[in-house]
Amino acid sequence: MEKLKKFGLVGKNISYSFSKKHFTEKFSEVPFTDCVYENFSIDTVEEFPSILKNNLNLKGLNVTIPYKVAIIPYLDSLSKKASQIGAVNVIRFTKKGQLKGCNSDCFGFKKSLQPLLKEHHKKALILGTGGASKAVAFALEQLDIYYAFASREVSEKTIDYNLINATTFDNFQIIINCTPLGTSPNIKEYPPIPYDFFTDKHIAFDLVYNPEVTEFLKRAKKKGATIKNGREMLVFQAEKAWKIWNK
């Protein structure tokens, strides 16, 4: 028998998903036992409409890599924040049956980073330019922290990985990995930056949470940096998503 309220995660190769575990545990408790959470792994974003067609009791969705930007044309509207960020990780089903794109990543990241911040943490270097990095950039703006992007795809708005040096690390005291590099099972991978320039004045923040300590974090910690993975950020963004769905 179908449960009354269905929620889920849209992404690609998402069997490792934090969200399914988190919400399945949440839904095992009263008063949420009439809710279920499923993974919807699709190879292309063009398959998204079939999820809606085959799951008429959907009440809300999360969105993860690589569809946080690509999903936008399939939605009826965006929240002000999601529109400003240019990426969506939460889809709310309105009372009129429309799909509204929202973003709780920025909330989760900001709340997770804040306790680490000290007076000298003035600038952040964001590794990667995908949907998650857009939410991170938005949160940094709210915290009044200057940021720049590093990417393999060089443009006016990004720093080439090959040009990151000691001066870069002097200028940027927060280094944030927004790429999937290092995610299990590829735990030996890491962003191509010169780790020797990390110091005890730096924060290394990795949005990856599996494994708990990525190669990126290990290398930064060896040089004395304060490190943090993305698990707490995910908890915060998940609970924010729950509030968005139940507005």
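Trainee: Where is the place of proline 185?

Mentor: Proline 185 sits in the loop between strand 10 and strand 11. Helices (H or I, at least four residues) and strands (E, at least two) are DSSP runs, numbered from the N terminus. This is a predicted model, in which local features need pLDDT of at least 70 and side-chain atom pairs count only at pLDDT 80 or more, while totals for chains, interfaces and linings use all residues. Residues are numbered from 1 along each chain as its sequence is written, and side-chain values use heavy atoms, with hydrogens and water left out.

Trainee: What is the phi of asparagine 13, and is the residue buried or exposed?

Mentor: Its phi is near 55°, a positive value in a residue other than glycine. Asparagine 13 is in the loop between strand 1 (5–11) and helix 1, and is exposed, with a relative accessible area of 56%. Buried means under 20% relative accessible area, exposed over 50%, and partly exposed in between (1.4 Å probe, protein chains only). Aspartate 144 also has a positive phi, of about 60°, although it is not a glycine. Aspartate 144 is placed in the loop between helix 5 and strand 8 (146–151) and counts as exposed because its relative accessibility is 71%.

Trainee: How many residues does the largest nonpolar core have?

Mentor: In soluble globular proteins, nonpolar side chains tend to be buried together. A nonpolar core is a set of buried Ala, Val, Leu, Ile, Met, Phe, Trp, Tyr and Cys residues joined through side-chain atoms within 4.5 Å. The largest one in this chain has 25 residues, and those with the most contacts inside it are Phe109, Ile126, Val136, Leu140, Ile176 and Leu207. Helix 4 (105–113), strand 7 (123–127), helix 5 (131–142), strand 10 (174–177) and strand 11 (203–206) each supply at least two of its residues. Helix 5 gives the largest share, seven residues.

Trainee: What does leucine 140 touch?

Mentor: Contact means heavy atoms within 4.5 Å. Not counting residues up to four places away in sequence, leucine 140 touches Phe109, Leu113, Ala124, Ile126, Ile145, Tyr147 and Ile176.

Trainee: Is glutamine 237 buried or exposed?

Mentor: Glutamine 237, in helix 8 (residues 231–245), counts as buried because its relative accessibility is 3%. Beyond four places in sequence, the contacts of glutamine 237 are Ser19, Asn62, Asn89, Ser104, Asp105 and Gly108.

Trainee: Where does tyrosine 195 lie?

Mentor: Tyrosine 195 is in the loop between strand 10 and strand 11, and is buried, with a relative accessible area of 7%. Leaving aside neighbours within four places in sequence, tyrosine 195 is in contact with Tyr190, Phe216, Arg219, Ala220 and Lys223.

Trainee: What part of the whole chain counts as buried?

Mentor: Of its 247 residues, 50% count as buried. The chain contains eight helices and twelve strands, and its C-alpha trace spans about 60 × 35 × 35 Å along the principal axes.
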